[in-house]
Amino acid sequence: MASSTEVPTPELRGRDRERAQLDSLLTDLRGGASPVLVVRGEMGVGKTALLDDLAARATGIRVARATSVYSEAELPYAGLHQLCAPFLDRLDRLPGPQSAALRTVFGLGAGDAPDRFVVGLAILTLLSDVAEERPLLCIVDDAQWLDPSSAQALAFAARRVMAERVALVFGVREPSEDRELTALPELVLRGLGDADARTLLAAAIPGQMDGRVLDRLVAETRGNPLALLELPRGLTSDELAGGFGLPNAAADPLFGRVEESYARRIAALPDATRRLLLIAAAEPLGDPVVVLRAAEALGVGIAAASPAAEAGLADVGSSVRFSHPLVRHIVYQSAAPADRQEVHRALAAATDAETDPARRAWHRGQAVAGLDEDVALELEASAERAQARGGVAAGAAFLQRAAELTPDPARRAARALAAAQAKAVAGSAEAALRLVALAEVGPLDDLAAARAALVRARVTSTMTRGGEAPALLLDAALALRPHDAALSRDTFRDAFIAAISAGAQAHGVGPAEVAAALLEDNSDGAPADPEAGPEARLLRGLAVLVAEGYAPAVPLLVPALAELRVLPADDEGALRWIWLACAAARALADDASWDALSRRQVELTRGLGALALMPGAMTERLAYEWLRGDTRTADSLAAELEVIVEAIGVAPMLGQSTWAAAWRGADDAAARTIAVRRPEVERRGEGLWLITTDWMSAQLFNGLGRYDDALAAAARVPDHPNDLGLAAWVLPELVEAAVRSESADGPALAAAAAARMRALADAAQTDWALGLAARCEALLAEGDAADALYLESIERLGRSRIRSAAARSQLLHGEWLRRERRRADARTGLRAALELFEEAGAEGFAERARRELNATGETVRKRSPETLDDLTPQEAEIARLAASGQTNPEIGAQLFLSPRTVEWHLRKVFGKLGVTSRKELGGALSHS
């Protein structure tokens, strides 16, 4: 290994600090860690030289490299394929779904387009497998030009590497628009110091240089090595000796002069050499066979490569390599349009239509000067192939170019709309909106215009989750209604979801407006229609609930929920129906349906690999487990959810850490989390989050006995219908806080909330709803009436799945009994409540129960921490999965970890629990 104390090569002069940092990275890698680093810097600052030096010094380490180019950015998984090509013989060693995913995206087999996160997990597993033999260093240079599919997969892997002995190092030119590699560890490379810059400049220029000229060049280049080496090439000996005529930096920016220097050197080459370089610059993968075949077709021989090599600009032969990406850029951009088109035609002809149809179509698309339907058709077909491989972004790029080349205005509008839809799916919101605008130039028929409105609405919904989205989705649903009933129904669903998510943050259109529009047309799922499916009845039931109340809605919603619990669901659209059904189940306090639907939602998202929908599905299930009082399952889900949220790079849907803090009575932690997220949530229009956190705050403060604070939080929740799906959560908190607060408005607020809870319960007729209604009324009653209502509440809630609600009623009843001086009677319920609160980790409510028990004369101490509490949430989840019999690869697939990292975590679990095998895990967990 070369030490960092060696005399650096001229190209790396002044880089001792950076080399030492990379030496540490190699040491960590050899020691079993998996370091990740993004080397950022401006053009020419020496990123590639530093990465070359890193690779050269990686003794005992396997090195895999890829270098992205701008023209390659539209080819799906091109960068990933370049990096992983040496390892493709290992695909059979991966778990089946992961192996199939990589075979599909690399064009090695047929199959449905895999989820991009499954591809990322497959890459992580593949690299981990390679590293079993010896540590693996992956270097990706010019990563700002990675195609989006590759960037997402590699960023996913970079966020998940842990104990695989795999290092990932990226070089990124700044300024950059890359989003995938943000938040990873960085090394920012800056210009050389003055002394090193002078030494490098003096070594690069033979003969004497005037000191003033040297100082000025050092100052103007800011120590950038490329500029230091390149700028003097354009200066005469007189200018170097005395500075006469030295360009003015203010009038001639640094890299503009560097480009001019390269351009002069390129212009000095023979015509045939410039033509050969243009061919090489236009070929995105640098395939020497294709380049030389195209050159031969244009009458350019291999001898034309020699002048370019002698000038230090490029090597074209057994491989294609430019001395700097800027050379490739200048060669291509400085060529006349007609020359570029001619070269692309030759490259299209030289590319095999059978083995590489996408690249051939792309070249053909760039070779056309005007409109060409044949090429547009080929690009459209390439888009379909790219999307089938999971290259959604590449498919969108092909469709966009196809639209630009389409002669017929109607077909051009249709292709632009298809491109917009693909851009929206790929996450390119602004590009999607531009293509929608192009499509709307038309002509579009009514259906196509409605589809364009739908794309615009869905993009807006993705960008904001609220605000304007409900209104746009409702307009699209109404426009689609006469033309496509199924798509209109799906859009009404999305409008309802957006309106529920927006809550009070919606602009002009909320659940009430969506409901009114749905009810205008009885044909869309009317109860009398025997052909109406459960989805249509669910929509209509929710509309009736919002517009008319619980009583008329229940006969529609209950059978719809029963059918949706077992309805086959094989796509993301079906999963969205289940999310809406969960909201309806919560609205009716139907714990049985909520349990079944939320469980099924998680199972289906996992089965379909729909990871983008997984946070919402798991948050729903997490909410159920918290209210059920099963904190261990909730903690496991929260740990898994945290992994997913981190892996796919989205904000938490509900804030599981906030929920945990509120339930456990950690008021400072909960308040901090809410305060940090609230401004961003308000900006995005996520009213549902605000409602939920206000409910969490009310629950927290009720647990701590801070009733005025609890009332202030609960009272912030807007009236029905904006609390759709949360009434059974908020109303009991509001009643308890209002009854016990010192507010003059408390009695009136409590009575109104209790009446609403009774209306819900009488209509729904579930034990959960009826038990909550009885508790609310008990808080307002006195004497025997209060006692009877408390007992009814405890009995009904005891039959429900919501154990935390039953414990809350037992606590309130025990407090009431103690105040009635019935201390012996109070102890029974208080003990039961305390046991569940301690088991569930609800320390705020547990402390209330302890105080009450102590007040009855019974001495109660806090329960000692459990051994299981020593485990991190992720370790606890891995231990639970291992105890259930899952293998390391199966656990890794569920938690987005490599099998090696799972094994690393299990070793720590064994040590903490004092066990030596998986067989002992089950017993250790059950006794902890």
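1. Strand 1 (residues 36-42) pairs with strand 5 in the parallel sense, over three bridges. Pairing here requires at least two bridges found by DSSP between two strands, and helices (H or I, at least four residues) and strands (E, at least two) are DSSP runs numbered from the N terminus. Within this pair, Val-39 sits opposite Leu-187 of strand 5.

2. A word on provenance: this is a predicted model, where local features need pLDDT of at least 70, side-chain atom pairs count only at pLDDT 80 or more, and totals for chains, interfaces and linings use all residues. Residues are numbered from 1 along each chain as its sequence is written, and side-chain values use heavy atoms, with hydrogens and water left out.

3. The sheet is open and has five strands in the order 2-3-4-1-5, with parallel pairing. Strand 2 (62-67) and strand 5 (186-188) are at the edges with a single partner strand each, so one side of each has no neighbour in the sheet. From one strand to the next, the twist averages 15°.

4. Helix 1 (residues 16-30) packs on this sheet, touching strand 1, strand 3 (136-141), strand 4 (166-174) and strand 5; contact means heavy atoms within 4.5 Å. The direction of helix 1 makes about 160° with that of strand 5. Axes are lines fitted to C-alpha atoms, for helices over the stretch in contact, and angles run from 0 to 180 degrees between N-to-C directions. Helix 6 (residues 148-160) also packs on the sheet, touching strand 1, strand 3 and strand 4, at about 130° to the direction of strand 4.

5. Now the cavity search. On a 1 Å grid over the protein atoms alone, a cavity is a set of points where a 1.4 Å probe fits but cannot get out, and lining residues have an atom within 4 Å of a point. Volume is the space filled by probe spheres set on the points, which are joined across faces, edges and corners. The count is one cavity of 30 Å³ or more, and the largest cavity has a volume of about 160 Å³.

6. Which residues lie nearest the centre of the largest cavity? They are Leu-627, Glu-733, Ser-804, Ala-805 and Arg-808, out of 15 lining residues. Helix 36 gives the largest share of this lining, four residues.

Methods: 1 Å grid on protein atoms, 1.4 Å probe; cavity = no way out; pocket = protein on both sides within 12 Å on 5 of 7 lines; lining within 4 Å.
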